[in-house]
Amino acid sequence: MINNKYDFLVILSANRANPNGDPLNGNRPREDNNGFGEISDVCLKRKIRNRLIDMGEEIFVQSDEKRVDEYKSLSERAAATLKGKEKDRDEYAKAACEKWLDVRAFGQVFAFKKRGDVAEVSVGVRGPVSIHPAFSVEPIEIEDLQITKSVNSEPADKKSSDTMGMKHRVNFGLYVTKGSINVQLAEKTGLTDEDAKKIHQALITLFENDASAARPEGSMVVEKVYWWKHNNKMGQYPSVKVHNSVKITPKAEGQIANSIEDYEIEYEPLEGLELDLYEI
């Protein structure tokens, strides 16, 4: 079991990449209303889950491209393991947490309709690991690139006319995400210190095996991971104070940043708080 509260902060960089496309905005990199870049918490959890799968961990929410079992839906995966436990919500949740690391870490809503001899399910698990969306330190500049396709997608007598399209990328952006592990919730789901270490490692390796046309190899980098361990279950300090102990400011106001070297990163240690710092 976990006997100490954990907090963490991750600094990420994007260099000529699309960190997280917005499907409602032509897949352009996500921005908030003030022009700051954003990587959603859902996107970050997906990458953590993928890294945990790479480590050989049992994961409930698997994407199609990372699926390691024969089940094509969440309901099928749940039914294969939890069938017969639908009448006891506590027993159902306990079995799910014991089976899948992402359930005991992030929680999960099991809400499935009756299917054949599998009963209807409505069970919620609240997870102890919370993670914020990542936001850029400064507003981002998005470059829009026009592309063409000059091959046929379907059989045809002659080559089709060039098809126009768009690609979007952030020339450079420094992003920060924060999170915590709540001991009280960890006691309910059974999350252990060993599980916490695996999540820590997943954060460090967040972009391994994640390259794509939108994120070429090396374009997304985990620059630093601050991993704090408190000396008790409640925590010596509020999470906001721990997260705010890291301050990031541009070295030259008004100039466009091209790398992490263009920022001043300061850390003010908090007395009695144990820090494990990863730097590239």
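In helix H2 (residues 74-82), Arg77, Ala78, Ala79 and Leu82 are buried, where buried means under 20% relative accessible area, exposed over 50% and partly exposed in between, with a 1.4 Å probe and protein chains only. Helices are DSSP runs of H or I with at least four residues, and strands are runs of E with at least two, numbered from the N terminus. The buried residues of H2 pack against H3 and strand S5 (107-112), contact being heavy atoms within 4.5 Å. After H2 comes Gly84, with a positive phi near 95°.

This is a predicted model, in which local features need pLDDT of at least 70 and side-chain atom pairs count only at pLDDT 80 or more, while totals for chains, interfaces and linings use all residues. Residues are numbered from 1 along each chain as its sequence is written, and side-chain values use heavy atoms, leaving out hydrogens and water.

The structure holds 15 salt bridges, each a side-chain nitrogen of Lys or Arg within 4 Å of a carboxyl oxygen of Asp or Glu. Three of them are listed here.

| Salt bridge | N to O distance |
|---|---|
| Arg51 – Asp54 | 3.1 Å |
| Lys66 – Asp54 | 2.5 Å |
| Glu143 – Arg169 | 3.2 Å |

Glu143 lies in strand S9 (residues 142-149) and Arg169 in strand S10 (residues 163-181), so this pair ties together parts that are 26 residues apart in sequence. Arg51 and Asp54 are three residues apart in helix H1 (residues 41-54), separated by about one helical turn. Arg51 is buried at 3% relative accessibility, whereas Asp54 is partly exposed at 37%.
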